[in-house]
Amino acid sequence: MITTENLTKVFRTEEVETTALNEIALTIQAGEFVAVMGPSGCGKSTLLNILGLLDSPTAGRLELFGREVSRYSERKRAEIRKGNIGFVFQSFNLIDELTVYENVELTLLYQRVPGAERRQRVHEILERFNLVPRRKHFPQQLSGGQQQRVAVARAVVGNPGLILADEPTGNLDSAHGEEVMNLLARLNEDGTTIIMVTHSASYAAYARRIIYLFDGVVVTEAAGGVGHA
């Protein structure tokens, strides 16, 4: 599903040049659950942004869904993201003025899904995530764990093949963190490919493979798979 070769990202200002990713070579198969770990500033989020087509590499190759996309324009990247990639962020990124139902529905509106099908899919995903009683609530009326459940529901309602999660438990207590991790684990068991950035070794263990970054370089890999045994 994803292959990178010599993937490099350099941020430049007039005075400073910073190499965030340095010739990253990765292969991630469809159906994998991969955690990316490393200290702050090591390039984890930069890597996730490039894999999610939110940013472009400075050099190297990125093959995604069978296409070499590293030189695609923003318009082309947006076309691929829509319907193929779902995002879950640490800060939830819900729209305060929209209800739970409307936040989840937004993904399908962008995809121009017809009304009847849209209503059915939103209801099904809210039911699956035990959010039906909260469907008319606004984000500020929810706990952190409930907000993140809504964010995951919004990410998956479009049936993407790939979920990218950037510190999805970072703003949650341990109980709600485990709840979100169990949701992600079940999605992976159903066939969704997941790449997750995390600082937590216990949450990384939910993944089948753990990749360690340091100073923009992959330094080692390890097996996961013990967090939800």
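This is a predicted model: local features need pLDDT of at least 70, side-chain atom pairs count only at pLDDT 80 or more; totals for chains, interfaces and linings use all residues.
Two strands are taken as paired if DSSP finds at least two bridges between them, and helices (H or I, at least four residues) and strands (E, at least two) are DSSP runs numbered from the N terminus. Residues are numbered from 1 along each chain as its sequence is written, and side-chain values use heavy atoms, with hydrogens and water left out.

That pair of residues belongs to a wider arrangement. Strand 3 (residues 33-37) and strand 9 (residues 209-214) run parallel and are joined by four bridges, and they sit in an open sheet of six strands with the order 6-7-8-3-9-10 and mixed pairing. Strand 6 and strand 10 (217-223) are at the edges with a single partner strand each, so one side of each has no neighbour in the sheet. On average, neighbouring strands of this sheet are turned by 20° against each other, direction ignored; axes here are lines fitted to C-alpha atoms, for helices over the stretch in contact, and angles run from 0 to 180 degrees between N-to-C directions. Helix 5 lies across strand 6 and strand 7 (162-166), and runs at about 170° to strand 6, where contact means heavy atoms within 4.5 Å.

Now to the other sheet, which is open, has four strands in the order 2-1-4-5, and shows antiparallel pairing. Its edge strands, strand 2 (17-28) and strand 5 (67-68), each pair on one side only. Five bridges connect strand 1 (residues 2-12) with strand 4 (residues 59-64) in the antiparallel sense, and within strand 4 it is Leu 64 that stands opposite Ile 2. Helix 1 packs on this sheet, touching strand 1, strand 2 and strand 4, with its direction at about 120° to that of strand 1.

On a 1 Å grid over the protein atoms alone, a cavity is a set of points where a 1.4 Å probe fits but cannot get out, whereas a pocket is an open set with protein on both sides within 12 Å along at least five of seven lines, and lining residues have an atom within 4 Å of a point. Grid points are joined across faces, edges and corners, and a volume is the space filled by probe spheres set on the points.

The largest pocket has a volume of about 520 Å³, and among its 20 lining residues the closest to the centre are Ile 85, Gly 86, Phe 87, Thr 107 and Tyr 110. Two or more lining residues come from each of helix 2 (74-81), strand 6 (85-89), helix 3 (100-110) and helix 5 (144-156), with strand 6 giving the largest share, four residues.

The second largest pocket, at about 180 Å³, takes the largest share of its lining, four residues, from helix 4 (residues 115-128); the lining includes Arg 121, Glu 124, Val 156 and Asp 190.

Finally, how many cavities of 30 Å³ or more does the structure hold? There is one, and the largest cavity has a volume of about 40 Å³. Phe 87, Val 88 and Phe 89 are among its lining residues, as are Leu 48 and Leu 164, and helix 1 (44-51), strand 6 and strand 7 each give two or more residues to that lining.
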